[in-house]
Amino acid sequence: MSELSLFFAQNVACDTTEEFVVSQRFKDKEGNAVAWKLRSMNEDENQECRKAATRKVKGKNGVYTSEIEPNDYMAKLMTSSVVHPDLKNAELQRSYGVLGAETLLRKMLLPGEFAALGERVQALNGFGTDMNELVDEVKN
């Protein structure tokens with residue numbers, strides 16, 4: 001096998017999935033904490049999250065610049081990585097009285113749980129820096 005073939009698609013590990021207990025508040029019938037299933041994503045999916053969180057902001061002299069809203073970006077990154085529970089499920093959203101996966105996630109989780117999930121999603125997707133550094137990198 002040549003060195004180049006190590007990079008062929010069929011020789012690369014596919015998406016990584018893992019289970020992560022986001023909160024002790026979600027329990028099964030036996031009272032055990034239920035793990036959420038998370039997956040890694042590729043850069044195309046990350047770009048979609050970034051684009052969806054980007055807004056045009058009017059600056060000096062009427063010039064518009066693109067600006068990423070870090071909280072929206074992080075929520076989109078998280079919802080794209082959560083496989084289970086299905087955050088796009090209409091019945092689950094209805095049970096919390098919200099519309100949209102990002103809104104549901106914010107409603108379901110306590111602030112510390114939301115932050116812990118965000119950290120795990122970042123690590124799973126290969127981000128070794130904190131969110132502020134990530135946003136600065138994305139802006140450039």
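These legends go with several close-up views of one predicted model.

Local features are taken where pLDDT is at least 70 and side-chain atom pairs only at pLDDT 80 or more, while totals for chains, interfaces and linings use all residues. Residues are numbered from 1 along each chain as its sequence is written, and side-chain values use heavy atoms, with hydrogens and water left out.

**View 1. Helix H1 has a buried face and an exposed side**. H1 covers residues 43-52; helices here are DSSP runs of H or I with at least four residues, strands are runs of E with at least two, and both are numbered from the N terminus. Look for Asn46, Cys49 and Arg50, which are buried (under 20% relative accessible area; exposed is over 50% and partly exposed is in between, with a 1.4 Å probe and protein chains only). Down the axis of H1, the buried residues fall within an arc of 100°, so they line one face of the helix; the arc is that of the directions from the helix axis to the C-beta atoms. Here's a handy rule: an α-helix has 3.6 residues a turn, so residues three or four places apart point the same way. On the other side of H1 you'll find Asp44, Glu48 and Lys51, which are exposed. Asparagine 42 caps the N-terminal end of H1, with a side-chain oxygen 3.0 Å from the backbone nitrogen of aspartate 44.

**View 2. Strands S3 and S4 make a hairpin**. S3 (residues 54-58) and S4 (residues 64-68) pair in the antiparallel sense over five bridges; to count as paired, two strands need at least two DSSP bridges between them. Pick out valine 57 and you can find its bridge partner, threonine 65, in S4. Five residues sit between the two strands, and asparagine 61 in the turn has a positive phi of about 60°.

View 3. In one of them, aspartate 72 pairs with arginine 106, and the closest N and O atoms are 3.7 Å apart. Lysine 76 and glutamate 102 form another salt bridge, with their closest N and O atoms 3.8 Å apart. Lysine 76 counts as buried at 18% relative accessibility, while glutamate 102 is partly exposed at 22%. Shared partners also join Arg55, Asp72 and Arg106 into one network of salt bridges.

**View 4. Serine 23 is buried in a loop**. The loop runs between strand S1 (17-20) and strand S2 (36-39), and serine 23 has a relative accessible area of 3%. Its side chain makes a polar contact with the side chain of glutamate 113 at 2.6 Å (a pair of N or O atoms within 3.5 Å; within protein, one must be able to donate a hydrogen and the other to accept it, and residues adjacent in sequence count only if both atoms are side-chain atoms). Glutamate 113 is among the buried residues of helix H5.

Terms used: Salt bridge = Lys/Arg side-chain N within 4 Å of Asp/Glu carboxyl O.
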